[in-house]
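I opened the model and kept notes while looking things up. The entries follow in the order I made them.

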Amino acid sequence: SEHLKSSNGCLSDGCNNHGQDKFLQYCEACYVALFVNFVSNSSGSEMDEAVLPSEVDLSEYAVGNSGRVGPNHDIKIDDPDVIKVAIFNGHGTDNGCVLNTIDAFYLNDNDYYRFYTEVIGIDDIMNIRLTISDFDLVVFPGGNGSLQSMTLGEVGLDFVRSYVQSGGGYIGICAGAFLAGIESQDRLGIAAVESVQVYSYIHPVYVNVNFTNLYKEIHANYEPQRESMLLSYQGGPILVKKNDEGLPAVRTVGRYSSDAIKMLQDEAPENRKSFFENDLGKMPGSLAMTCTTYHNGRVYLFSPHPELSGAEFLLREAANWVKYDPDRPAENKKCVIS
């Protein structure tokens, strides 16, 4: 709020760009530096020099301990009916997103599915622990997609890509959805989508997502009658379908009908409304929830955050849809998806 009251240009100490007039009262260079410092807990302003954060402390969650899955289940990893979920945690993942994603599978309030969850890091991936014999799917939570890509590196990206290709499922939330796209070589390239950048996002807002008929198929056990839902948007990718000869077209599960940037502009002071102009109109009609296949595996992407919206059931249903299934009909394994 103090930033909004100031009219003296960039507030960053030592910055000479006082002529800049951004909504947050930082010039572009300092805004980027402050963002990097925020996610890195570092005083440096260069991303490649930043001291990246250590992984989230998950000791209280007894990672891999099936006893936290639900009070009515004695879940064992070798139970053939259990869906085995790997949740990535490392540099580029957000603490709150990781913990809420874990809880989304712990908060199992019915008998439709049973989950065994385990948090994995970059060492697990590099040591080839992400395999279809170990896990039915992997979840890449929210955070920063570029940092997650840097953490994985070329070899780690190949390992994740190979896991999905061999039949493993992939769920990407926000940054994890960004990571799955095809716009550059530092992405997984497992879904024919590109991300449109939104530069004027400043804080979470709830946006409306309209569901398609496909939603009723995938989410048949939890509230399939729903036609729309408010979900938390926190600066995630605005996903756009792209044609790629090597990939099937993605399918639409839900589209945005709200414009988060317009909401932010409406609440801004009059002399700051122009800050949002370039991003207006990008969100309405774009993909909020989408799914596809990649060779033998399935992919489900969320631009918003179901785990931060009280909509954990969306994640559980998505996990059931993408999970590794050796008995899945061959035509589905060949990416035939309309």
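**Entry 1: R187**

In which loop is R187 found? I located R187 in the loop between α6 (175-180) and β5 (193-196). Helices (H or I, at least four residues) and strands (E, at least two) are DSSP runs, numbered from the N terminus.

The cut-offs are under 20% relative accessible area for buried and over 50% for exposed, with partly exposed in between (1.4 Å probe, protein chains only).

I listed the contacts of R187 next, a contact being heavy atoms within 4.5 Å. Leaving aside neighbours within four places in sequence, R187 is in contact with S146, S149, L157, R161, F178, L179 and G181. The side chains of R187 and D186 are joined by a polar contact of 3.1 Å. A polar contact is a pair of N or O atoms within 3.5 Å; within protein, one must be able to donate a hydrogen and the other to accept it, and residues adjacent in sequence count only if both atoms are side-chain atoms.

**Entry 2: what kind of model this is**

This is a predicted model, in which local features need pLDDT of at least 70 and side-chain atom pairs count only at pLDDT 80 or more, while totals for chains, interfaces and linings use all residues. Residues are numbered from 1 along each chain as its sequence is written, and side-chain values use heavy atoms, with hydrogens and water left out.

I checked the pLDDT, the predictor's confidence in each residue, from 0 to 100. The protein chain averages 79, and 73% of the residues score at least 70. Over residues 1-14 the pLDDT is below 50, and this stretch has 27 contacts in the model beyond near neighbours in sequence. Residues 59-73 also have a pLDDT below 50, with 28 such contacts.

**Entry 3: the chain as a whole**

I noted ten helices and eleven strands in the protein chain. Of its 338 residues, 52% count as buried. Among contacts with a separation of 6 or more, 73% come from residues 24 or more positions apart. The chain exposes about 15300 Å², of which carbon and sulfur atoms supply 46%; the areas come from the Shrake-Rupley method with a 1.4 Å probe, and for residues only the protein chains shown count as cover.

**Entry 4: strand β11**

Why is β11 described as largely enclosed by the rest of the structure? Six of the six residues of this strand (residues 297-302) are buried, so the description applies. In a regular strand the side chains alternate between the two faces of the sheet. I looked at both faces of β11: G297, V299 and L301 are buried on one side, and R298, Y300 and F302 are buried on the other.

I then looked up the pairing of β11 (two strands pair if DSSP finds at least two bridges between them). β4 (residues 169-173) pairs with β11 in the parallel sense over four bridges, and G172 stands opposite L301. β10 (residues 287-294) pairs with β11 in the antiparallel sense over six bridges, where T293 has R298 as its bridge partner. The hairpin of β10 and β11 has two residues between the strands, and H295 takes a positive phi near 55° there.

I searched for nonpolar cores, meaning sets of buried Ala, Val, Leu, Ile, Met, Phe, Trp, Tyr and Cys residues joined through side-chain atoms within 4.5 Å. The largest has 51 residues, and those with the most contacts inside it are I171, Y233, M289, Y300, F302 and L314. Helix α9 (residues 312-322) gives the most to this core, with seven residues. A second, separate core of 30 residues includes F88, A180, L188 and A192.

I found α9 largely enclosed by the rest of the structure, because ten of its eleven residues are buried. Among the buried ones are E312, R316, E317 and W321.

**Entry 5: H219**

H219 lies in the loop between α7 (213-218) and β7 (228-233). At 0% relative accessibility, H219 counts as buried. Not counting residues up to four places away in sequence, H219 touches P224, V253, M289, Y300, L314, E317 and A318.

**Entry 6: N210**

I placed N210 in strand β6 (residues 205-211). N210 counts as partly exposed, with 35% relative accessibility. The C-alpha atoms of N210 and S228 are separated by 4.3 Å, with the two residues 18 apart along the chain. A polar contact of 3.0 Å joins the side chains of N210 and N208.
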